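This report is for a reader meeting the structure for the first time. Please look over the sequence and the model before reading on.

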Amino acid sequence: MSQKPYGVNELREMFLSYFESKGHLRLPSFSLIPQNDQSLLLINSGMAPMKPYFKGEVEPPRRRVCTCQKCIRTGDIENIGKTARHGTYFEMLGNFSFGDYFKHEAIAWCREFLTKVVGLDENRLYPSIYENDEEAFEIWNKEIGVAADRIFRFGKSDNFWEHGSGPCGPCSEVYYDRGEKYGCGSPDCKVGCECDRFMEVWNNVFSQFDNDGQGNYTELAQKNIDTGMGLERLAVVCQDVNSLFDVDTVMNITNHVTAITGASYGQSVKTDVSLRVITDHIRASTFMIADGVQPTNEGRGYVLRRLLRRAARHGKLLGVNKPFLYEVVETVIKENESHYTYLRERAAHVIRVVKNEEENFARTIDIGMRIFSEKLAEHKAAGATVFSGADAFLLSDTYGFPIDLTVEMLEDEGMTVDMEKYVACREEQRIRAREDRKKMGDLGWAGIDLGLDNTPTQFVGYEEIGCEAKVLAVCVGEEVTGSITGGEKGIIVLDKTPFYAEMGGQVADHGVICIDEIKFQVTNVLKDKGGKYLHHGTMLSGTIKVDDSVWAVIDTERRSAIMRAHSATHLLQKALVGVLGDHVHQAGSLVEPDRLRFDFTHYSALTAEELAKVDAVVQATVLEGYPIDIREMSIDEAKEMGATALFSEKYGDTVRVVNMGGYSIELCGGTHLDNTAKVGPFRIESEGSVASGVRRIEAITGKECLADMERNRKLLYAACAELKTKPADLVDKIHGQIDEIKALKRNIESFKTKEVAGEADRFLFGAKEISGLRVLTATVPNADAGKLRQMGDLLRDKASNVVAVLSAVNDGKITFLAVCGKDAIAKGVKAGDLVRQVCTACGGSGGGKPDSAMGGGKDVMKLDDALAMVDDFVASKV
């Protein structure tokens with residue numbers, strides 16, 4: 001089987017389908033955000049989400065599983081773009097066995113997939129094993145038939161996987177020889193060499209031992225298989241390209257970046273680095289945001305912020321001085337949505353987050369760049385090669401200029417940063433801030449010292465929409481102050497409040513804190529561990545100071561919309577349990593004005609019928625108009641009533657029970673309606689996967705639902721107007737249009753076939769005769785590889801003595817097709833030899849069968865010379 005240049009999306013599906021045929025359960029990729037794993041910021045391997053299965057903490061859905069897992073690694077972010085090997089985002093193909101099959105099957109399937117399914121040349125594959133793993137050696141040598149001198153033995157550092165104590169074992173990797181053109185030229189170049197010739201494409205980890213942490217190993221009763229193969233690496237091999245940046249889906253993203261920036265890939269090393277950084281980082285960022293990561297200053301949010309800002313800075317280096325990354329998101333989604341279908345659903349959100357972060361950074365970087373340039377000039381004037389740590393901290397702390405960006409820019413200037421001093425300055429600032437804010441709690445504001453006890457804010461928002469209150473503390477920026485003035489953003493702490501603070505999945509109330517015409521606009525409310533409500537917002541006019549008496553009032557329209565969505569969430573959970581079964585439990589939620597998101601445990605996607613039934617049940621309970629009774633009681637009383645609680649929550653002795661006419665009874669601290677009828681219209685917008693065994697439903701209620709219905713009504717009538725029909729006849733009209741389009745397409749295809757046949761006849765008429773063979777060359781305009789093959793087949797069928805080389809040029813790249821009739825082959829003229837000759841002349845490569853072969857070339861200027869070689873080549877063979 002000859003190797004084909006399969007695309008990334010093809011290879012992913014081939015792998016998963018192959019292992020499904022071997023009895024594996026195909027699982028969707030887990031989220032990049034680890035679930036119940038505090039050891040990782042982001043999923044960085046195919047095995048990482050499987051740890052609970054390997055450890056026996058969770059029963060796997062099946063003992064054989066296969067996945068294509070999204071991964072992020074940022075440990076070597078500084079090398080991104082500078083080398084062909086480094087990338088932050090990649091996909092890891094994996095097949096896993098939890099106490100089922102072991103080495104024999106894992107190795108055999110590995111070999112079969114690479115050679116029989118993908119079509120890699122078995123003579124270019126080299127397995128490696130752990131130096132003492134004789135079992136693996138026997139399987140490769142005796143069962144698979146690989147010669148002993150082609151099996152490489154490596155030590156513990158290369159071919160033994162372990163991470164502290166626990167399950168571990170030897171590895172067997174498979175390397176592919178990409179050819180001398182990718183090598184280092186050393187006569188000692190072989191598997192294990194640091195050059196790019198021998199590329200690792202597969203890694204089988206045989207988890208068969210338990211390490212007690214002291215270097216003592218015992219055999220595991222349940223032996224496992226953990227296989228990893230980089231999808232992009234496999235594509236590099238199949239497509240015979242230089243690096244992961246050159247594979248089809250990634251290069252298409254780069255092409256979009258070049259179109260925006262005007263830079264050309266291959267123009268210069270510096271330009272290529274910037275193009276690769278932008279491509280890699282926007283690819284990673286798109287998937288991170290789609291999985292729920294938001295740009296922040298810590299944790300995984302900081303990883304995302306750093307990637308976006310680094311990409312934006314490289315855009316500036318290419319002359320782009322406006323937000324542009326958000327435009328590339330569409331191409332990232334287009335290249336990946338065939339497998340990751342949820343990307344299209346979340347496209348608008350991803351674009352919005354990226355654009356917002358770009359705009360924020362643009363404001364930061366312009367000021368920071370000016371200060372940086374001034375400081376850099378001062379250092380150079382003084383002959384310094386080490387940039388002051390204090391100045392680096394000033395840039396970061398005062399101007400928001402990221403330290404990693406300072407480090408990177410100084411590297412370009414041949415300078416370093418005094419990181420020891422930078423860290424010292426940062427720690428001094430943290431100590432000062434901690435002292436200043438020691439009363440403001442877990443949100444970075446450790447609480448308020450009122451000179452009394454740690455009395456929590458009195459919440460009156462269940463009963464009142466507004467109340468008089470006393471100002472206890474005011475914060476502006478990162479400091480506790482005595483007052484806040486017009487235009488400033490900050491926090492106000494009151495002794496009591498009607499504002500619901502963000503918690504339990506419900507967003508906070510908005511509103512105002514005022515003294516007559518003096519107003520503070522509240523845009524968020526958080527609650528610290530001490531029970532104080534922190535009202536975040538902006539001072540619109542006047543001044544509010546500590547000890548002032550103020551009037552605090554919520555936005556009642558927003559509160560009503562939130563209550564509609566929250567009460568609907570309870571009805572939705574009850575409906576899901578009724579339709580799907582008692583295994584359904586809440587796994588998370590978000591309640592916003594007339595919009596809700598509900599995560600729940602379930603093993604598979606809901607069918608269209610199930611979704612329709614859930615939707616109908618919720619709407620029916622809304623129409624029932626159940627009264628909603630909310631009371632506080634003991635936890636034992638609530639249990640006797642059959643109240644539903646969250647497994648992950650800890651409850652006190654007294655709980656708040658929301659009872660909807662006896663239909664739905666839940667423990668809940670949120671705000672609710674007094675009757676289910678007030679939910680109004682309800683509609684499920686989407687259903688999808690969040691993680692293995694966890695599904696997500698998003699729905700709208702009330703005014704949001706009415707607005708959506710009106711938008712759909714307008715779209716319906718607009719479509720009817722375009723097609724000149726009535727709503728009742730629209731579907732039939734569309735079917736008619738589709739049938740008409742199909743007929744037109746058939747006519748076009750028929751015309752194209754006749755056109756190709758006519759061209760083939762013209763080519764044969766103009767062919768040269770060389771020793772009884774009809775030899776022809778031609779460049780076919782506006783032709784792709786499919787059209788060349790069609791024309792080649794026609795030529796070969798029409799004349800058994802034909803020798804033809806056809807070419808087409810698209811996007812600066814040449815595609816060659818060579819065909820030889822049976823009489824030409826009999827005389828020693830073979831298409832595979834011929835296509836290699838012309839491809840080499842144009843700086844490319846190719847190959848194939850004696851009767852038909854294809855290849856490519858890079859140098860369009862040499863195309864005519866290459867075609868001119870054909871006559872001499874044929875003459876030399878006959």
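The sections below go from the whole chain to single residues.

## Basis of the model

This is a predicted model, in which local features need pLDDT of at least 70 and side-chain atom pairs count only at pLDDT 80 or more, while totals for chains, interfaces and linings use all residues. Residues are numbered from 1 along each chain as its sequence is written, and side-chain values use heavy atoms, with hydrogens and water left out.

## The chain as a whole

The protein chain contains 24 helices and 35 strands. Helices (H or I, at least four residues) and strands (E, at least two) are DSSP runs, numbered from the N terminus. Along the principal axes, the C-alpha atoms fill a box of roughly 105 × 80 × 60 Å.

Of the 878 residues, 47% count as buried. Buried means under 20% relative accessible area, exposed means over 50%, and partly exposed is in between (1.4 Å probe, protein chains only). The accessible surface of the chain is about 41,500 Å², and carbon and sulfur atoms account for 49% of that surface; these areas come from the Shrake-Rupley method with a 1.4 Å probe, and for residues only the protein chains shown count as cover. A contact is a pair of heavy atoms within 4.5 Å. Among contacts between residues at least 6 apart in sequence, 66% join residues at least 24 apart.

## Charges and salt bridges

The chain carries 106 positive and 130 negative side chains, and the centres of the two sets lie 4 Å apart. Lys and Arg count as positive and Asp and Glu as negative, while His and the chain ends are not counted. The place of a charge is taken as NZ of Lys, CZ of Arg, CG of Asp or CD of Glu. Side chains of opposite charge can pair when their charged atoms come close. The structure holds 49 salt bridges, a salt bridge being a side-chain nitrogen of Lys or Arg within 4 Å of a carboxyl oxygen of Asp or Glu.

One of these joins Arg305 to Glu357, with the closest N and O atoms 2.7 Å apart. The pair links distant parts of the chain, since Arg305 is in helix H9 (residues 299-317) and Glu357 is in helix H12 (residues 347-381), 52 residues apart. Both Arg305 and Glu357 are buried. Arg26 and Glu20 form another salt bridge, with their closest N and O atoms 3.0 Å apart. Arg26 is partly exposed at 25% relative accessibility, and Glu20 is partly exposed at 37%.

A salt bridge connects Asp761 with Lys798, the closest N and O atoms being 3.1 Å apart. It links distant parts of the chain: Asp761 is in helix H20 (residues 730-765) and Lys798 is in helix H21 (residues 785-798), 37 residues apart. Asp761 is partly exposed at 39% relative accessibility, and Lys798 is partly exposed at 41%.

The 36 residues of H20 should span 52 Å at 1.5 Å a residue, and its end C-alpha atoms are 53 Å apart, which agrees. The expected span is 1.5 Å times one less than the number of residues. Leu730, Val756, Glu759, Ala760 and Leu764 are buried in H20. The buried residues of H20 pack against helix H19 (702-723), strand E31 (773-779), H21 and strand E32 (802-810).

## Helix H4

In helix H4 (residues 134-143), the buried residues are Ala136, Phe137, Ile139, Trp140 and Asn141. They pack against H3, E4, strand E5 (152-154), strand E7 (166-177) and strand E8 (198-211). Gly145, whose phi is positive, near 90°, follows H4.

Met50 is in the loop between strand E1 (25-26) and helix H2 (51-55), and its relative accessible area is 0%, so Met50 is buried. Leaving aside neighbours within four places in sequence, Met50 is in contact with Leu27, Phe30, Val65, Thr67, Phe96 and Phe98. The C-alpha atoms of Met50 and Phe30 are separated by 9.5 Å, and the two residues are 20 residues apart along the chain.

Leu120 is in the loop between helix H3 (103-117) and strand E4 (125-130), and is buried at 3% relative accessibility. Its C-alpha atom is separated by 8.5 Å from that of Lys4, 116 residues apart along the chain. Arg313 lies in helix H9 and counts as buried at 6% relative accessibility. Leaving aside neighbours within four places in sequence, Arg313 is in contact with Phe361, Ile365, Leu405, Glu408, Met409 and Asp412.
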